[in-house]
Structure formats: structure tokens, C-alpha cells
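I opened my notebook to look through this structure one piece at a time. Come along and check each entry against the picture.

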Amino acid sequence: MRAQFVMSEIGVGLRRNLTMTFAVIISVALSLALFGGSLLMRDQVSAMKGFWYDKVNVTVYLCTKNDAIDAAAAPAGSPADGSKPAAGSGKPCSRGAVTPEQKQGIEGELKKMELVQNVMYESSDEAYKHYKERFGHTALASVVTPDQMPDSFRVKLKNPEKYEVITSAFTGRDGVQSVADQSSELDNLFALLSTLNWAALGIMLIMLIVALLLIVNTVRVSAFSRRRETGIMRLVGASGFYIQVPFIMEAAVAGLIGAGLACGMLGAGQYFVIDHGIALRDKLQLINFIGWDAVLTKLPLVLVIGLLMPSLAAFVALRKYLKV
């Protein structure tokens, strides 16, 4: 097969259907950019989960004298904070402030649990000091006193995603005011990010369908405009594959150009949005952003899909619109 003839036919086909070829390139570029972006978003969510869940602590707050007074004043059977009632009583902390024996028992049980990595005790004075360091500039800080801050155990878990084990084991126990974890807030954040990722995939799928339809129409128009040339090639004994190759290559070239643009968009997003320009990496240091290694591993996949997808679509279209 003469490569020069094939290349010339590809050039002719691209020039004859310039506007449709341009539409195919843009559609492929946008759909593959969304596809690559969704893959990077999945990596970003995984990196953020590993970064933030590793910092999550479960806090077991212990009952204070104020809690006991509030529990005694509250109507029976209706805890003021809406938490689970303590065992054997109508309300948390209804049996009074935590005793040294209860405190030792809670700490001992926490340390015996295989899920627990370490346990750190924080007294009310230490909690008050930390509160003043963080919120000392607020008006509320001026009326808060150390006796209002509960003693607590800060629990570090080996697997932070199993925080419910601690919550269910100690919520409602005598001497325990409440069990708080930070994972629920993170779960809501990651659920939102996952929803956005699925939305991006949905838009990508729509753009991909549009690109495939444009490829099929481009091949159809190209085959119709060159029906005389293909008829002559049939008469001189050209094989079906020889006749189809220029059309398939046209779609492949358009798809490859679109994939190249998509790779450029992904690289530009990483450079101008994350690393430089807007520089989110410097402005949002609490977020563990993915690096260039994650981007570069996605680019070959985007290029392969950009090459194969239009080629297969053109091959299927030729079986219908180009009888050889």
C-alpha cells in the first residue's frame, strides 16, 4: 500500500469536511478532558481521604458538675443535647460528674480495644487553654470558664473509618457526656466531591456521544463526497481494507488532535490552577493536592482513547455507508 496515497487521501478528506472535522476535534477534546479530569478528581478525593482521615480523632467527653445540674433540671426522658440516654438513667450525666473510677475504667477499656492506636487524656484546664488559644478573640470566650470545659479522652484510631465502634461502645455510658468524631463532616465533604465527580462523568458521557455522532456523520459525508473515487478503486480491484483505511485514518487523526488538546487542558489546569497562576496549592495548604505524577499517568490513557474511539466509530460507520 502506498503511504503517500493514503496520506493525501486523509488530507483531502479533512479539508473537504473542515467544519465537521473541527467539531469532532473540539467534542473529543472536551469529552476526554472531562474524562481525565474525573480520573484526577478520583485520585484527589483518595489523597484527601488518606490525608484527613489520618488526622481524625474521636473525642470522648466526660460529665462535669454543670452537666449533672443541667440533667437534673431537664424534663425526664428528654436529654437537653439530644444525645443517647445513659445506661440505667433517663439522661446523660444524670448520675453526676464522672468519678475517678469511671474515668479509669473508660481509659482502660479504650486502651484494650484493638482498633485504638493511642489514647490521650485532656483535662478541663488544658481544654480551656486550647479553647482560649483558638477562640480567645471572640466575645463568647470572655464568659467561658474552665469548669465549663469537660475532661476528655482524645482517641487515635488505626482505621479512622471505623469510628462508629467507639461511638456505639461509649455513647450513653455513665460518666460520658457525649462522643464526638470529625469523620461525619468529612464524609459529607467527600460525598459532595463524589457527586461532583459523577456529574462530570455524566457530562463527559454526553459529550462522548455527541463526538461519536459527529464522527459517524463526518465519515458518512466523506464517503458520499468520494463515492466516485471509491467506485473507480473497486473497478481496478482495490481491496476493501485499502479503500477504508483513509476514512479510518481521518477519524483517528481528528481524534488524536482532540486527545492532544485534552492533554493540554489537563496539564494547563495542573500548572495554572494548582501549582502556579491561581496557585491553590499555596493558598489552600490544608488540602493535599495531587502532583504531576498523577496527571502524567492519565495522559497516555487519554491519547489511546482519543485514537481508538474515533477509529472504531469510523470502522462501524463504514460498514453501513461504504459498501466494499
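**Entry 1: the whole chain**

I started with burial, and 40% of the 324 residues of the chain count as buried. I kept in mind that this is a predicted model. Next I looked up the helices and strands: the chain has 11 helices and four strands. For the surface, I noted that the chain exposes about 18100 Å², and that carbon and sulfur atoms supply 64% of that area. I also checked how contacts run along the sequence. Taking contacts between residues at least 6 apart, I found that 80% join residues at least 24 apart.

**Entry 2: the nonpolar cores**

How many residues does the largest nonpolar core have? I found 33 residues there, and those with the most contacts inside it are Val-24, Val-28, Leu-32, Leu-40, Ile-215, Val-219 and Val-302. H11 gives the most, with nine residues.

Leaving aside residues up to four places away in sequence, Val-24 touches Leu-214, Ile-215, Thr-218 and Ala-254.

I also wrote down a second, separate core of 17 residues. Among its members are Ile-106, Leu-110, Val-119 and Leu-157. A reminder to myself: in soluble globular proteins, nonpolar side chains tend to be buried together.

Which residues make the nonpolar surface patch of about 520 Å²? My list reads Phe-22, Ile-26, Leu-30, Ile-257, Leu-261 and Met-265. H2 and H9 each supply at least two residues of this patch. Met-265 is found in helix H9, and I classed Met-265 as partly exposed because its relative accessibility is 39%, which falls between the 20% and 50% cut-offs.

**Entry 3: the disulfide**

My count of disulfides came to one. The disulfide joins Cys-63 to Cys-93, with 2.0 Å from S to S. It links distant parts of the chain: Cys-63 sits in the loop between strand S1 (57-62) and H3, while Cys-93 sits in the loop between H3 and H4, 30 residues apart. Is the link of Cys-63 and Cys-93 left-handed or right-handed? With -85 degrees about the S-S bond, I put it down as left-handed. Both Cys-63 and Cys-93 are buried. I looked up another cysteine too: Cys-263 is buried, with a relative accessible area of 12%.

Gly-96 is found in the loop between helix H3 (65-73) and helix H4 (100-112). Gly-96 and Thr-64 are 32 residues apart in sequence and 7.3 Å apart in space, C-alpha to C-alpha.

**Entry 4: the salt bridges**

My search of the whole structure found seven salt bridges, and I followed up some of them here.

Arg-95 forms a salt bridge with Asp-174, and the closest N and O atoms are 3.0 Å apart. This pair links distant parts of the chain, with Arg-95 in the loop between H3 and H4 and Asp-174 in the loop between helix H6 (164-170) and strand S4 (176-181), 79 residues apart. Is Arg-95 buried or exposed? Arg-95 is exposed, with a relative accessible area of 56%, whereas Asp-174 is buried at 19%.

Arg-173 forms a salt bridge with Glu-109, with the closest N and O atoms 2.8 Å apart. Arg-173 lies in the loop between H6 and S4 and Glu-109 in helix H4, so the pair ties together parts that are 64 residues apart in sequence. Arg-173 counts as partly exposed at 23% relative accessibility, and Glu-109 is partly exposed at 38%.

Last, I found that the side chains of Arg-154 and Glu-122 meet in a salt bridge of 2.8 Å, N to O. Arg-154 is in strand S3 (residues 152-157) and Glu-122 is in strand S2 (residues 116-122), 32 residues apart. I noted Arg-154 as partly exposed at 24% relative accessibility, and Glu-122 as buried at 5%.

Key:
Residues numbered from 1 in each chain as written. Predicted model: local features only at pLDDT ≥ 70, side-chain atom pairs only at ≥ 80, totals over all residues. Heavy atoms only, no water. Disulfide = S-S within 2.5 Å. Buried < 20%, exposed > 50% of the residue type's maximum accessible area, 1.4 Å probe, protein only. Core = buried A, V, L, I, M, F, W, Y, C linked by side-chain atoms within 4.5 Å. Contact = heavy atoms within 4.5 Å. Patch = residues over 30% accessible without salt bridge, like charges linked within 9 Å, V, L, I, M, F, W, Y side chains within 5 Å. Areas by Shrake-Rupley, 256 points an atom, 1.4 Å probe, with all protein chains shown as cover. Salt bridge = Lys/Arg side-chain N within 4 Å of Asp/Glu carboxyl O.
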